[in-house]
Amino acid sequence: MIIRTISGVLGGLIVIIVLIFNNSLPLLLNAAISIISMLATYEIFSAMGLNKMYKVTIPGILFSAMLPLIGNGLLWQGLWFIYTFFIFGVLLVIKKDLCFKDIASIYSVVLLITMSLNFIVKLRDFGGVFSSFYVLYALCISWMCDIGAYFSGTFFGRKKLCPTISPKKTVEGVVGGIIFSFLMSILICFAFERFMFDTGVRVNFHYIVPISLIGTVISIVGDLVFSAVKRGCHVKDFGNVIPGHGGVLDRFDSVIFVVPFVYFMVNIFNIIRI
């Protein structure tokens, strides 16, 4: 637990540092998401037992790195076509190295990781002067839910949630995760409104409250989705790059689902009032 806590604190500090330099070095966030996407893609390939099949892993890892760096314009669309044609036209039809189920799994997880994590960059770009707030708010929903669920489940967990998917997750942990994430999300909004925003800028809490609550539920579902993936791949963690936590994907599994949701919500609803 101590190692997990220290790793979590250090990871949080890294995120804050990246966001602090967001205005002066915006490409720092793009590069960070690109690296995270590559690591997450490699980890899912390793879990599937494909890490040494380089004709699959190298194109997938390189493709996953491009979107946060170049955006989803014509160049990325061209890369997407090349990658899609290679996966289906070459590996499935010409070389016949993999069956359709394997190809479909590889293609879907690469696109899921790549496009979902890129929503962090899109959220930053949409936010303008409020970009750090939007990104931190979205990450807070996901990570605070993980933290709350972990400690609540550790100390109070009794009733199993989904024992066939994730034997350690409990109903008490889920309840604690939802409550803690919601409270911390509201606290961050209050802190930004009070200390970071200019005078007159306000947070619309009648939007923030439902978005935060729904986001915590999505976070839990996202966590369970990748727990099911690990179960299907017969692995405990996706990696060991983060001491006490596992792999990069173990920390960004729920983020993959939460950040796109927050992005759509802030585009639909005016959660900041000027």
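Q: Why are helices H6 and H10 called oblique to each other?
A: Check the angle between their axes: H6 (residues 131-156) and H10 (residues 255-268) cross at roughly 135 degrees. Angles under 35 degrees count as roughly parallel, over 145 as roughly antiparallel, 65 to 115 as roughly perpendicular, and the rest as oblique. The H6 and H10 angle falls in "the rest", so the pair is oblique. Those two axes come within 9 Å; here axes are lines fitted to C-alpha atoms, for helices over the stretch in contact, with angles running from 0 to 180 degrees between N-to-C directions.

Before going on, a word about the model. It is a predicted one, where local features need pLDDT of at least 70 and side-chain atom pairs count only at pLDDT 80 or more, while totals for chains, interfaces and linings use all residues. Residues are numbered from 1 along each chain as its sequence is written, and side-chain values use heavy atoms, with hydrogens and water left out.

Q: What makes H6 oblique to H8?
A: The H6 and H8 axes cross at roughly 55 degrees and come within 9 Å. That angle makes H6 oblique to H8.

Q: How do you know that the length of H5 agrees with a helix of 28 residues?
A: Helices here are DSSP runs of H or I with at least four residues, and strands are E runs of at least two, numbered from the N terminus. The expected span is 1.5 Å times one less than the number of residues. For H5 (residues 100-127) that gives 40 Å, and its end C-alpha atoms are 40 Å apart, so the two agree.

Q: Where does H5 bend, and what comes just after H5?
A: H5 bends by about 30 degrees at Ile120, the bend being the angle between axes fitted to the seven residues ending there and the seven starting there. Just past H5 sits Gly128, with a positive phi of about 60 degrees.

Q: Why is Arg251 called buried?
A: Buried means under 20% relative accessible area, exposed over 50%, and partly exposed in between (1.4 Å probe, protein chains only). Arg251 has 14% relative accessibility, so it counts as buried. You'll find Arg251 in helix H9. Gly177, in helix H7 (residues 171-196), is also buried, at 0%.

Q: What makes Leu161 partly exposed, and why is His234 called exposed?
A: Leu161 has a relative accessible area of 29%, so it lands in the in-between class. His234 has 73%, and that puts it in the exposed class. Leu161 belongs to strand E1, while His234 is in the loop between helix H8 (205-233) and helix H9 (248-252).

Q: What is the phi of His234?
A: Its phi is positive, about 60 degrees, although His234 is not a glycine. Most residues other than glycine have a negative phi.

Q: How do you know that E1 and E2 pair?
A: Two strands pair if DSSP finds at least two bridges between them. E1 (residues 160-162) and E2 (residues 166-170) are joined by two bridges, so they qualify, and they run antiparallel. A hairpin of three residues joins E1 to E2, and Cys162 stands opposite Ser166 in E2.
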